[in-house]
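Here is a walk through one structure, taken a step at a time. Have the sequence and the 3D view open as you read.

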Amino acid sequence: MNGLSNMPLLSVLLLLPLAGALACLAWGRRAAVVAVMLEAVVALVLQSGSATPALRWIRFEDWAWIERFGARISLGLDGLSLLLVWLTVILLAVAVGLSWPRYRQPGFYALLLTSCSGILGVFLAQDLLLFYLCWEIMLLPLILCIALWGGARRVEAAFKLLLFTLAGSLLMLLAFLGLFLLHGRQTGDYSFALQALGTTVIPPELAPWMFGCLAVAFLVKVPAVPLHGWLPDAYQEAPTAVTLLLSGVLAKAGIFGLVRVALPLFPATWNSFLPVLGVVALVSIGYGGWLAYVQTDLKRLVGYISVAHLGFILLGLAASNAMALQGALLQLFNHGIATAALFVVVALVERRTASRQLPQLGGLWSRTPQLGAMVLFFSLTALGLPGLNIFIGEILILLGAFRVQPWWGAAGMLGVLLAACYTLRMVQGILWGVPRGPEKMADMNRGEALILAPLTVLVLWFGLYPMPFLTLLRGPVEQLLTHIVTTGGLP
Amino acid sequence: MTGDMLLALLPLLVLFIGSVSVLFVPERQALVYGVVCALLAAVLAWWPWLSVASDTPLVSSGFFARGCLTLWALLGAATCLLSERYRASRQFAAPEFAALVLFCVFGMSVLSASTSLVSLFLGLEAMTLAFYVLIAFDRGNTTGAEAGLKYLLPGFLASALLAFGIALVYAATGTFVLSDTVALTVAGASMHTIALLGWTLILAAIAFKASLAPFHLWTPDVYQGAPAPVAGLLASGSKGAVFALLLASVPLALIAPLRPLLAVLAALSMIVGTFAALPQTNLKRMLAYSSVVHMGYMVLAVLTGHQVGFEAGMFYLVSYGAATVAAFGLVASLSGPSGEPQNYAALEGLAARSPWRAALLTMLLLSLAGFPPLAGFMGKFVLFSAALDAGYVWLVVLALFSSLVSCYYYLRPVMRLFRSGQTAADHGPANGGERLVLGLCGIILVIAGIYPGPILRMIAAIVP
């Protein structure tokens, strides 16, 4: 396997979707399938042939880019980014598979692939300019997808999403530029490398502002509760493939940005920010859960479930001890899989009943038992049933939070209770009650089963035996803890 | 006048002689002849034995002047290539058109290379005179005549302001040489106030030409009425030449009292242009107002007052120029016997009719809006970082805000492109010249956005 370790696999990983997008435009949408398959192969061999596990990076690549600004194309892969790369590739495959019968235009698949390229770039970039570039590339194609293929109010939804996220990313650009100039003036070395910029001495009167810019940019993408205005419309109007990527991967990019960019750059400010983050997290859990409880549109409902669960991840970050961090980072993957699966089953239900409104649904269990079982299974996952993947993350996060602030943990437990309320209401509305909608409906076909099968396996695997993945995350968690500990204790 | 000086002036002479001789070329070949002349001038500017040529009293022949001449010549060549459709369908008098474009390029080159207030005035007037005619060139189009008049009247006012300003500056400093006049306008010098008044008037005249708010009122009407290729040259070339002058030979930021004025011009341009562009439903008018915003960004480069800022400004000019020329070129290539498709409604369904042109227009508008990974983003990035470095934090925040809002008005026409419309197309497929220019602009935008290193190096080599 020595040859593999020398190959620039990360660059290949980054460029393959772009090439796939071009191929889509040239040869039709079949090229997308080939690209996704190749991408999956590359993602699977990433780990093999790695150097010693003691090093921080599993793989690292560095290319010259813009000498004038000291920007380089440097890509680093560690346990956390590896997990998220896998998540991205899996969800991309699910998104393509789910859209296949519905959307025939190659442009749709080209946009999905382009966005995927940006997402992978965000997870791998070790250079802030590259990070920003990929951050924008990941979003714009999805917005175009919403605007062109979305539901009835697609243009409004797209513009809303665009304005929210663009406002965030321009703040991020401002912070990056400020940091770049500060670092350049202090050391004479104008560079965008994340590693180098982490050593910048930031004047105490500037630090909260710059950190605030970054925090807003990342929390908009999550979205955490005061910044979630774009979410209901975008999730509802977007094609399911896009909703799935938005909630499954882009939300993770926001949290990833918090821990991998904002934290190492401003460790001191991070510590004073933690109580705020804790409150934001609890509000997200409570408010998201409450809104999920009252929704009638299934896509919006799942969207708010996702907000509530993301609140748990933020709570884990706010607790910032080894256990909570490990849970939070693992939950990034778990939540991506579980939410994506929920959106998929909602789309499958909608295909049969032509409606997503809870009052118009009911009695699916007797007519489509297999699909009903899947709805139940993934709802129980979202509820946090022990033995399924969401539970593992949540229990680690809550245990960690208890150690830091017992009342945070207690409030989080209430969130779990709330989760039982809204998921059971959803299950009851879809599966049981008076049968509504068409008399006869087909159960799952083979293609649909093929989409859900890997997700089911992953839910069970992460729920029953998460150890290998927790080992993968040990390095990144230690890295984060050194940043936190060296600059003062916990709040 | 020595032989060396003649050599230094050779590219300018080629442009001038070309613009006279093209009048004797047959109708069909005139535009191609114009293109050849412009390209010849561009090549001659970099001919090795010209690098020893000395400066002339009025016009510099430094690297910067030559680089600018190359840029304007390429823009002129693009304009000629893009006008082929107009010659064929609207009976443009091709020789006269090519002559005017070449003369216009000549004026721009003199302007950006000028080392003296006299050549500044001459260059600006030569360029403007040619534009007066070019804008109203389509005789069948009444809005064209109106546009010509609307450019003429503010143009005269600007000329008068410029002449008076030059007189005042000369009276105060006693010299026409640009670098000396700037250096002599220092606080405490005798007649300092007079010199400042002169510079303010010159600044106003320049603001007219660059359509900085509040001197921008002519811009939307003129863009709307002028033939699209001419509007493209006006938007990219004439404004570029004015800013090249400000970046290289008249560093106005060195005169401290003028800085607040420049900052106000920049801020006003960003605010007014942004809000005026929001409700537009006509592509050319929208581009006009958005160009006001872009020129506001360019003032940031002037304000920085140091080399890095000037390089950033030139890079921004290149990225903006390529996108603008291509956008107007696309409008030209989509025009048929019934006129140009200016309204968003006329663009509906373009993606189905001609997908490549729709994709390119999307790309151009996204680049102007500053979306990565296109040149517009990289331009804004280098420009804003230079301005931030120079300490203009609030202007940069304002600029970021206006580029946020700009996404709305740039994306509105994009949405219409992909909507299925019933409008029948009366434009044919793109011809060879259009494909060449549009393709080149697209490639430049992508390369400058993804791998701007080489272009930045080239610019760093020519900026004085």
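**Where the two chains meet**

Let's start with B:Glu311, which counts as buried because its relative accessibility is 3%. Keep in mind that you are looking at a predicted model. What does B:Glu311 form a salt bridge with? Its partner is A:Arg68, with the closest N and O atoms 3.1 Å apart. That makes this a pair that crosses between chains: A:Arg68 sits in the loop between strand 1 and strand 2 of chain A, while B:Glu311 belongs to helix 14 (residues 307-333) of chain B. On the chain A end, A:Arg68 is partly exposed, with a relative accessible area of 37%.

The interface of chain A and chain B has three salt bridges. Another pair to look up is A:Glu67 with B:Arg457, whose side chains meet in a salt bridge at 3.2 Å, N to O. There are also four residue pairs in polar contact between chain A and chain B, counting those where both residues have pLDDT of 80 or more. Which parts of chain A supply at least two residues each to the side that touches chain B? They are strand 1 (59-66), helix 6 (128-149) and helix 7 (154-187). Helix 7 of chain A gives the most, with 13 residues. Sort that side of chain A by class and you get 24 nonpolar, one polar and four charged residues.

Now step back to the whole contact. It takes 29 residues from chain A and 31 residues from chain B. Together the two chains bury about 2900 Å² between them, and 82% of that is on carbon and sulfur atoms.

Next, follow strand 1 of chain A to its neighbour. Seven bridges join strand 1 to strand 2 (residues 71-77) of chain A, and the two strands run antiparallel. If you want a landmark, find A:Glu61, which stands opposite A:Leu75 in strand 2 of chain A. The hairpin these strands make has four residues between the strands, and A:Gly70 takes a positive phi near 60° there.

A:Arg72 lies in strand 2 of chain A and A:Asp62 in strand 1 of chain A, so the pair ties together parts that are ten residues apart in sequence. Are these two buried or partly exposed? A:Arg72 counts as partly exposed at 36% relative accessibility, and A:Asp62 is partly exposed with a relative accessible area of 36%.

Over all chains, the structure holds 21 salt bridges. Look for A:Arg352 and A:Glu448, where the closest N and O atoms are 2.6 Å apart. A:Arg352 lies in helix 14 (residues 322-353) of chain A and A:Glu448 in helix 19 (residues 446-464) of chain A, so this pair ties together parts that are 96 residues apart in sequence. Both A:Arg352 and A:Glu448 are buried. Elsewhere on the list, salt bridges that share partners join A:Arg153, A:Glu156, A:Lys160, A:Asp233, A:Glu237 and A:Arg300 into one network.

Finish over in chain B with B:Arg285, which you'll find in helix 13 (residues 283-304). B:Arg285 is buried, with a relative accessible area of 18%. Leaving aside residues up to four places away in sequence, B:Arg285 touches B:Pro220, B:Asp221, B:Gln224 and B:Gln280.

Methods
Residues numbered from 1 in each chain as written. Chains lettered and ligands numbered in written order. Predicted model: local features only at pLDDT ≥ 70, side-chain atom pairs only at ≥ 80, totals over all residues. Heavy atoms only, no water. Contact = heavy atoms within 4.5 Å. Buried area = accessible area lost by both parts, 1.4 Å probe. Salt bridge = Lys/Arg side-chain N within 4 Å of Asp/Glu carboxyl O. Polar contact = N/O pair within 3.5 Å; in protein donor to acceptor, adjacent residues only side chain to side chain. Nonpolar A, V, L, I, M, F, W, Y, C, P; charged D, E, K, R; others polar. Pairing = 2+ DSSP bridges. Buried < 20%, exposed > 50% of the residue type's maximum accessible area, 1.4 Å probe, protein only.
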